[in-house]
Every structure is written in C-alpha cells, then in structure tokens.
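User: I would like to go through this protein model step by step. Please show it, and then I will ask about its parts.

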Amino acid sequence: MLFRVVHKLKRCGSRLISSSFSRSNEKAKHPGSKTNYTNELQFLNPLELPSVPTFRILDNHGVVTAKDTPEIPDNKLIEIYKIMSLLSKMDKILLQSQRQGRISFYMTCSGEEAAIIGSAAALEDVDTVFTQYREVGVFLWRGFTLDDIMHQCFSTHKDNTKGRQMPIHYSGRKINIQCVSSTLATQVPNAVGYAYSNKINGKTAVTATFFGEGAASEGDVHAAMNMAAVLKCPTLFICRNNGYAISTSTEDQYAGDGICVRGIGYGMRSLRVDGNDLLAVYKAVSDARKVAIEHSCPVLIELMTYRVGHHSTSDDSTAYRSIDEVNYWDKEDSPVGRLGLYLVKNKLW
C-alpha cells in the first residue's frame, strides 16, 4: 500500500533518533508525554533525518515506472483526460476575456490539472469538498457545465448566486461542494468541523479540503490539523504545493521538509505525491479516502506540482521567475501532456 513508504520512513527516522539517545526503561509520567527518560541532552537535527519521498507512477514520458498502479476503468480515464484538456482550454479563453475587459478577474489552473481533477475523480459524490480558489476542475468533474462557469464569471442572473459573488467564487450545493472564498485557509477548519459532524452522525464519507502551500502558513491550517488529529475526523487535507505563494517561492516560505511532515507532527498519516502524475494522484487520494474512513482519521496529502500561469489576472509572474523555468514545466512536464502520452502508448486515445 502507498502508505508503507511513509511508515518505513517514520521507522527509519525513529531509528536515527533512538540511536542518538541513551534511553532508560522508565517512562516519563508527564501528561502528554509518550517517551522514556534519557540522561543525555541532544538536539534533533532535521538535516540528519530522511526527507519524505515523492510517490510517482508515470514518468515525464507517460511510462509506468511503478507496480502499484490504480485500477481506473478505461472510460473513466478518458473522461478524466477530456476534463483536464477542457479545463486547460477554458482557462485560456477566460484569461483572454479578462484581458479584454469582459470579466473583472480570473485565476487559471495551468500546470495543476492532474492534482485537481485526479483528486476529484478519486473521491465519491457523498464526500463534501471545501475548495480554495484554484479548483474549478473539481466543479467540472462533478457536473458543472461550461454555462454554469460562464454565468458565474460573467455575473449573470443565471448564476446560482445571482451574480453576487466575485468571479471564480463558484458554489455547488447540488454537487456537494461548498462556496469558494478568497480568504486564505478559512475553508480548512470549516472542513474539519463538517467531518466531525459527519462522524457524530455516523455518515460514511470523508470531507476533502484543498489549499496551497502558501495557505499552509496560515494559523487556520495548523488549528484545523490539530483538531482533526485529536478528534479523529475523517478529513483529507489536500495541499497543492505549486512552488509559489503569489510571488514568494517555497525557498522563502519554509525551511523544513515541505508541508507533508507537518501532518506527521500533528499525529496524522501523511504522504507526498507527484501532483503532475494523474495516476499517482488518483491512487493517493483513493487510498487516503479508504484509510480515513476505515480508521476515522485525517490524512494529509502534499501534491508536488507547478503553477504555470500567473497567480491571478492581477499578477505578473515574469517579475519573479524566468520564462525558461515556466517553459520547462509547460512543455516538458505538463500533467495533461503526460497523461496524453500514457493514453496514446496504451492505445486509448
């Protein structure tokens, strides 16, 4: 199972830590303590601990490199590819619409199609989703039409919020997706509360919440993770680590081993996945859903991806990153292109 990788890593880390300390057989009696006493004072050095590996199935050329592959029916895989391609085309059209002054604002999902739609496809309709603002692909997967998207972005009276929300604040009550809010990370504790309610009422479902690695620095995320772990709420924390929090790169955001290890620190199962690999994303979220339901517990999934587009139509990313960097991820490691190559190799497209 996918989680064996992380369990192995944790065991390895435990060996490194335990080998550094001389431990007695007497357990510490302090409330909250789960360790034995030691008579040696030593600091834990993160540089001496192993990094969490990134789970991958498809390489950049669409070739399967792992034995542990998900069972996805051919027709579903083709539908996933169609929605990913549709999302990519739709983004370009709505971006140009904003540039022409037809709508006031837009945010693209370019480069993150597999992370978004792969996660959505692995969930069940009974699972409630709390998105951030770059997950319109989840709405498309669950049945939102292009008309629904256009009515929302153009603020027409046919929008289900009657044009009273800013563009990209989609709302999908009928498809079990909560309304989008631009306020960073407020959806994360809401998702945990919703999951706790489901647990109390005996509902067999998970609550999934999406957020970026930038939003992971918000206090709401830390409070939500702790609450979910302590109360054992079946919540999937799906972090899209796309390299940038607007203009702030990950190098300037955190010094630790990404977002994944934070879940371990809060006492929850965690894993890191190649977010540009549709098959890996699907398997990770699908397996995480099973674990969350079976053990009534939260799971943190860090999806490593890249934001090809600007943060939003209010941003100019050429001011803080090179065109060559963007071109690599757009041309050499495109999630849509990678899945397309896989489908062609397997004569499905």
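User: At the start of H11, which backbone nitrogen does a side-chain oxygen of Ser334 reach?

Analyst: This is a predicted model, numbered from 1 along each chain as its sequence is written. Local features need pLDDT of at least 70, side-chain atom pairs count only at pLDDT 80 or more, totals for chains, interfaces and linings use all residues, and side-chain values use heavy atoms, with hydrogens and water left out. Helices (H or I, at least four residues) and strands (E, at least two) are DSSP runs, numbered from the N terminus. At the start of H11, the side-chain oxygen of Ser334 comes to within 3.3 Å of the backbone nitrogen of Val336.

User: Which elements do the buried residues of H11 pack against?

Analyst: Buried means under 20% relative accessible area, exposed over 50%, and partly exposed in between (1.4 Å probe, protein chains only). In H11 (residues 335-345), the buried residues include Val336, Leu339 and Leu343. Contact means heavy atoms within 4.5 Å. The buried residues of H11 pack against helix H2 (74-99), helix H3 (113-122), strand S8 (269-274) and H9.

User: Is Arg240 buried or exposed?

Analyst: Arg240 is found in strand S5 (residues 235-241). Among the residues that Arg240 touches are Glu112, Ile116, Phe211 and Leu303. Because its relative accessible area is 1%, Arg240 counts as buried.

User: With which side chain does the side chain of Arg240 make a polar contact?

Analyst: A polar contact is a pair of N or O atoms within 3.5 Å; within protein, one must be able to donate a hydrogen and the other to accept it, and residues adjacent in sequence count only if both atoms are side-chain atoms. At 2.7 Å, the partner of Arg240 is the side chain of Glu112.

User: What is the relative accessibility of His157?

Analyst: His157 sits in the loop between helix H5 (146-153) and H6. Its C-alpha atom is separated by 38 Å from that of Glu302, 145 residues apart along the chain. His157 counts as exposed because its relative accessibility is 62%.

Definitions and conventions: Lists of a residue's contacts leave out its neighbours within four places in sequence.
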